[in-house]
Number of protein chains: 2
Amino acid sequence: PASFDQISPSEFFYRNRDLAGFSNPTRSLYTAVREFVENALDACDRNGILPSVHMSIKAVDPEKQDPKHYVLTVSDNGPGIPSNHVPLAFGTVLYGSKFVLQQTRGMFGLGATMAILYGQITTNKPVHIRSSTDGKVRDEFEMLLDIQKNKPVIQKHTTSPARSTGLRVSINLEGDYNKAGAKIRDYVYKTALITPYASISFEDPKGKKFSYTRIMKSMPAPPTTVMPHPYGVDVETIRRMTVESMADIPKMDQKMLARLKSELRIKEKSVTRKSILKAAPRRWKDLTRNVRIIVALVHFLEVEPDRLERLRIDEINIARNELTYTDRVSSKSTVVPLDPESTYHKQLARIVQGETLATLLTKRFQRIGAKTAEKFSLYAGFKPETRLGSMSNADLVKLSDMLQKFTDFRPPDPTCLAPLGTKPFENGIRRSLNPDFCVTVQRPASAYSGFPFVIELGLAYGGDVPSEGLKVYRFANRIPLLYDEGSDVVLKVIGDIDWPRYKIKGDPPLVIVSHICSTRIPYKTVGKENVADRVEIEREIRLALQYLLRKIAVYMSKKGKAESARKR
Amino acid sequence: PASFDQISPSEFFYRNRDLAGFSNPTRSLYTAVREFVENALDACDRNGILPSVHMSIKAVDPEKQDPKHYVLTVSDNGPGIPSNHVPLAFGTVLYGSKFVLQQTRGMFGLGATMAILYGQITTNKPVHIRSSTDGKVRDEFEMLLDIQKNKPVIQKHTTSPARSTGLRVSINLEGDYNKAGAKIRDYVYKTALITPYASISFEDPKGKKFSYTRIMKSMPAPPTTVMPHPYGVDVETIRRMTVESMADIPKMDQKMLARLKSELRIKEKSVTRKSILKAAPRRWKDLTRNVRIIVALVHFLEVEPDRLERLRIDEINIARNELTYTDRVSSKSTVVPLDPESTYHKQLARIVQGETLATLLTKRFQRIGAKTAEKFSLYAGFKPETRLGSMSNADLVKLSDMLQKFTDFRPPDPTCLAPLGTKPFENGIRRSLNPDFCVTVQRPASAYSGFPFVIELGLAYGGDVPSEGLKVYRFANRIPLLYDEGSDVVLKVIGDIDWPRYKIKGDPPLVIVSHICSTRIPYKTVGKENVADRVEIEREIRLALQYLLRKIAVYMSKKGKAESARKR
Ligand SMILES: Nc1ncnc2c1ncn2[C@@H]1O[C@H](COP(=O)(O)OP(=O)(O)OP(=O)(O)O)[C@@H](O)[C@H]1O
Ligand SMILES: Nc1ncnc2c1ncn2[C@@H]1O[C@H](COP(=O)(O)OP(=O)(O)OP(=O)(O)O)[C@@H](O)[C@H]1O
Ligand SMILES: [Mg+2]
Ligand SMILES: [Mg+2]
């Protein structure tokens with residue numbers, strides 16, 4: 001009979017590390033570089049710090065042939081990581097701070113840990129991490145990974161004085177700089193292009209330094225975190241929102257008693273059931289939600305408020321009008337009837353049945369106002385005041401479907417996106433390529449499946465651009481994508497171009513630079529190398545490209561006229 | 001400051017379900033079909049059962065427009081799943097029986113769970129599973145997934161009589177049969193082509209039946225599980241083998257006492273320290289390893305064997321020649337010296353220091369005999385009798401590197417592979433395509449990174465093959481690959497062909513069928529749609545293709561001569 005096993009996510013990605021970009025020493029060295037550099041830039045971006053990132057690759061034994069062991073070190077001037085989070089951030093797969101709806105480079109919670117994992121399985125050496133969050137004290141960790149258990153194994157943890165905030169991570173890994181070098185230098189060069197406000201330097205195994213100083217002294221506005229958009233929703237999301245919207249039974253502790261006293265204006269020293277139920281009706285309008293719930297519980301359970309502390313409410317069944325509670329001290333369970341006519345019945349209903357549909361729409365989604373919430377409820381066939389907790393499964397599914405179909409929702413909020421902006425984008429391209437002709441465009445924001453995105457596209461021609469035919473520089477959320485262009489949406493769109501129509505033939509000195517920004521890039525692989533051809537994204541890239549090509553057609557025809565004039 | 005989170009693997013694949021092939025209702029319906037069908041075929045293959053797989057897709061409300069809710073049901077005559085494993089097999093991601101080194105369709109432990117997850121988040125309905133492992137009793141489960149916790153939530157579990165073994169799984173999911181139908185029918189057709197010993201039937205939403213009866217009445221030999229090959233090894237693997245090779249302290253229980261008595265030929269009723277140490281020397285050669293360890297412990301600890309039952313050995317420190325043990329009853333810890341001159345010292349050394357390098361090589365790897373083990377040890381600079389537990393970190397890394405570099409290991413054992421075989425492969429192609437000309441080839445087995453693989457390639461021309469130009473049917477481990485052919489290794493090789501050289505021009509009625517079999521297919525994505533261009537795999541496909549093309553060149557030139565003869 002078959003023998004079953006469960007493996008941890010780190011074990012899964014250890015066995016299938018090709019999926020994450022760690023297929024061989026050449027590719028792995030590249031992927032490790034990018035994972036650490038992208039983390040550094042994300043951290044600086046998030047905290048509005050102009051990034052200074054330094055990266056070095058040194059051979060452990062320069063005499064040997066590739067592939068061989070290298071030490072890869074990346075350090076930044078970012079906010080660092082608090083010492084209690086360092087081991088998990090780097091020692092656990094699927095642990096991170098980027099699981100929120102925001103435009104960031106990272107999104108999976110595994111990049112750095114995978115690089116460390118690869119280093120460990122090829123060299124058996126621990127990772128060295130230095131982190132300072134206050135610029136005064138620096139924590140230094142030496143750790144290994146327990147790959148089977150997905151947790152860090154701290155070998156050393158010391159502290160020492162620091163002079164600035166930031167993080168420095170250093171791993172030993174088997175790499176092939178001979179083969180990966182060109183791609184790594186290209187990655188650094190392109191990162192500088194798309195991040196003109198960052199200073200990046202790289203020291204290669206021979207000690208040669210490549211340095212890109214920032215050409216922008218101000219940070220672009222950092223991306224914001226957004227609420228989900230209705231078009232991105234499924235039944236699981238609705239179900240979770242419903243669960244979250246149900247109030248917990250308030251904890252009946254000293255703090256709560258004090259609040260009862262003050263809100264109900266109870267003068268007596270001790271708070272009794274009698275005094276609560278006497279004061280509640282006239283103070284009702286000003287009571288907070290939790291106090292109202294306590295009043296209702298005291299009323300129905302017929303207990304003194306201090307006894308509530310030892311009770312645990314097990315179930316409030318609105319359908320059967322029953323409440324079940326257990327005395328933690330005596331372990332005895334009691335069922336009390338709930339009179340649906342009682343003034344306090346509504347409080348308990350609120351606990352179980354969660355917020356109304358109208359509240360859900362306006363509070364848990366982006367850009368839905370009260371009017372739209374009402375209009376949608378009508379369209380979907382629900383009353384706006386329907387309690388989520390009282391909706392059946394079929395209702396939740398219908399709600400989820402209707403959210404996708406209703407066409408009057410405002411489009412996703414694009415202010416959460418952080419494109420470079422046409423001027424910085426153009427400056428970055430000009431610095432890197434020094435072309436004769438350069439034009440950039442930023443499309444209006446759009447959305448796919450409820451995720452906002454914006455396309456920036458640039459075109460560079462002539463000047464120092466080599467005449468080797470069209471090259472495509474792809475970027476997503478300020479990350480250069482250097483592999484697998486064959487299955488990327490940008491190449492798909494470019495493949496459809498009719499070049500002669502734009503007066504471009506032969507092997508022109510031409511570079512197209514694409515930058516997709518989104519709260520969620522639809523990567524095809526965990527290794528983040530190519531972007532899926534979502535219909536909306538394809539369309540926006542096409543429109544941007546057509547605009548740029550019309551611009552270069554004008555330039556080429558003027559250029560052509562000027563040349564024929566010169567010849568005459 | 002950043003707010004950190006850990007997510008479960010099911011949460012990860014819920015958020016990133018595009019990676020697993022669940023990007024939209026069209027693709028998801030297709031992926032759900034294939035995940036269940038591939039599971040059914042794997043289960044039958046493994047148990048030598050001629051597979052009969054039935055699949056149906058029914059619209060919940062046929063009047064509605066696509067995309068809409070469907071019920072997908074797949075049932076098989078396989079071995080079923082034991083009822084204690086059903087909830088985890090289908091309700092937990094990264095849980096399965098295919099984490100071993102064997103040629104199977106499945107490999108990730110998540111396919112079925114992802115299909116169920118997708119069904120749940122689009123319809124909120126539980127999955128229905130029926131399983132019988134004995135053909136007499138059938139377990140029926142209704143379950144939902146707790147996606148955040150990665151565990152099943154059983155809503156119902158009943159048993160009823162069964163008439164045969166097998167599994168039946170049924171989910172509700174949002175799909176688009178209008179768009180996915182052609183791909184799904186193609187998938188079934190191609191599965192029949194590559195699995196000629198399986199009977200497969202499919203009933204579509206309109207009630208139309210597609211049925212493929214097996215054309216082979218005998219099973220191909222089932223694939224075997226193999227030990228790893230040295231070329232596939234890294235330091236983590238070596239480290240784990242080292243840990244496994246260290247003996248546990250044998251459990252000192254009644255069973256052990258009985259074994260002591262019988263192996264040491266102790267005649268007395270009770271087994272005493274005195275009688276053990278008296279009998280041990282003359283029976284030494286025939287004692288099993290665990291008995292020898294007990295003898296050594298009894299000697300050093302100077303305790304009666306029945307007292308060993310209450311002792312817990314905490315540490316055996318060979319370097320300091322000390323053993324620490326705790327009496328579980330009195331909780332008292334004692335340190336005893338270990339005389340390194342003692343005859344029994346070696347037994348305790350074996351516990352801590354693991355097996356020898358020679359034993360590791362011959363016992364834990366495939367195809368390494370004693371001679372090769374010795375030759376390798378010499379090459380690597382280790383004594384064959386070196387204890388693994390005594391090797392330093394640097395030694396383990398060196399061992400791992402040397403295992404990759406040593407060229408005298410026998411190539412990976414290909415008997416663990418289960419290609420179709422040229423005759424069944426050709427019959428499958430002929431039945432499906434009915435060509436005028438058909439030729440197949442099976443390359444000798446090869447290996448990449450220590451994983452054995454074998455290429456089967458076939459070519460079909462003319463007859464009922466449509467004249468629409470070259471089509472490529474890709475298969476891996478008997479799975480049809482229908483998406484993303486642009487980044488697949490097979491298309492890369494085909495892209496290099498110089499067609500006129502083989503007398504083929506225009507849009508020929510030509511199909512190339514490729515089948516890669518391996519203990520580990522290097523898929524580029526979790527959705528198993530394309531295969532990475534590993535150098536060794538690319539080479540074997542190229543050689544196979546060149547062989548077939550030479551064959552068709554001969555056919556085309558004969559055909560050309562016959563046609564010119566007819567014209568004259
Ligand atoms: N240089 C850094 N400075 C500050 N925080 C960092 C740095 N590097 C990593 N982190 C923190 O460690 C977490 C884990 O990093 P990791 O690269 O493994 O995952 P991620 O960046 O969240 O996602 P991805 O797998 O897509 O890269 C990050 O979410 C971030 O909070
Ligand atoms: N029809 C079936 N008959 C018998 N066992 C099955 C069947 N379907 C699934 N299983 C068992 O359930 C396990 C989990 O299946 P699942 O598809 O999630 O993962 P997998 O097949 O191991 O890997 P993959 O994700 O690559 O498909 C399998 O490993 C297998 O043991
Ligand atoms: Mg990261
Ligand atoms: Mg499977």
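A salt bridge is counted here when a side-chain nitrogen of Lys or Arg lies within 4 Å of a carboxyl oxygen of Asp or Glu. The structure shown in the following views is a predicted model.

**View 1**
A:E38 is joined to A:R34 by a salt bridge in which the closest N and O atoms are 3.0 Å apart. Both A:E38 and A:R34 belong to helix α2 of chain A, where they are four residues apart, or about one turn of the helix. Side chains of opposite charge can pair when their charged atoms come close. Over all chains, the structure holds 82 salt bridges.

**View 1. Ligand 1 and the residues that surround it.**
The site of ligand 1 is shared between chains, because residues from chains A and B surround this ligand. There are 24 residues around ligand 1, and those that come nearest are A:S97, A:K98, A:M107, A:G111 and A:K528. Sorted by class, the shell around ligand 1 is made of 12 nonpolar, eight polar and four charged residues.

**View 2. Polar contacts and cover of ligand 1.**
Oxygen atoms of ligand 1 are approached both by a side chain and by the backbone of chain A, as the following distances show. A polar side-chain atom of A:N39 lies 2.9 Å from an oxygen atom of ligand 1, while a backbone N or O atom of A:L110 lies 2.8 Å from an oxygen atom of this ligand. For A:G111, which is also among the residues that come nearest to ligand 1, a backbone N or O atom lies 2.7 Å from an oxygen atom of the ligand. Taken alone, ligand 1 exposes 600 Å², and the protein buries 96% of that area. In chain A, the elements that give two or more residues to the shell around ligand 1 are α2 (25-46), α3 (86-91), β4 (95-96) and α4 (111-123). The largest share of this shell comes from α2(A), which supplies four residues.

**View 3. Ligand 2 and its polar contacts with chain B.**
Ligand 2 lies between chains A and B. It is surrounded by 24 residues, of which B:S97, B:K98, B:M107, B:G111 and B:K528 are the closest. A nitrogen atom of ligand 2 lies 2.8 Å from a polar side-chain atom of B:D76. At B:S97, an N or O atom of the side chain is 2.5 Å from an oxygen atom of ligand 2, and at B:G109 a polar backbone atom is 2.9 Å from an oxygen atom of the ligand. Ligand 2 exposes 590 Å² when taken alone, and 96% of that is buried by the protein.

**View 4. The interface of chain B and chain A.**
In this interface, 61 residues of chain B are in contact with 61 residues of chain A. The area buried between the two chains is about 5100 Å², and carbon and sulfur atoms give 51% of it. On the side of chain B, the residues that lose the most area to chain A are B:F4, B:N124 and B:R240, which together account for 14% of what that side buries.

Between chain B and chain A the count is 10 salt bridges. One that is shown here links B:D18 with A:R534, whose closest N and O atoms are 2.4 Å apart. Several elements of chain B each supply at least two residues of the side that touches chain A, namely β1 (5-6), α1 (9-15), β4 (95-96), α4 (111-123), α6 (235-245) and α14 (393-405). Of these, α1(B) gives the most, with six residues. By class, the side of chain B that touches chain A has 26 nonpolar, 20 polar and 15 charged residues.

In chain A, the peptide bond from A:D66 to A:P67 is cis, with omega near -5°, and A:P67 lies in the loop between β2 (52-59) and β3 (68-76). In chain B, the peptide bond from B:D66 to B:P67 is cis, with omega near -5°, and B:P67 lies in the loop between β2 (52-59) and β3 (68-76) of that chain. A:N321, although it is not a glycine, has a positive phi of about 55°. The loop that holds A:N321 runs between β11 (311-317) and β12 (322-327) of chain A.

Conventions. Residues numbered from 1 in each chain as written. Chains lettered and ligands numbered in written order. Predicted model: local features only at pLDDT ≥ 70, side-chain atom pairs only at ≥ 80, totals over all residues. Heavy atoms only, no water. Near = heavy atom within 4 Å. Polar contact = N/O pair within 3.5 Å; in protein donor to acceptor, adjacent residues only side chain to side chain. Areas by Shrake-Rupley, 256 points an atom, 1.4 Å probe, with all protein chains shown as cover. Nonpolar A, V, L, I, M, F, W, Y, C, P; charged D, E, K, R; others polar. Contact = heavy atoms within 4.5 Å. Buried area = accessible area lost by both parts, 1.4 Å probe.
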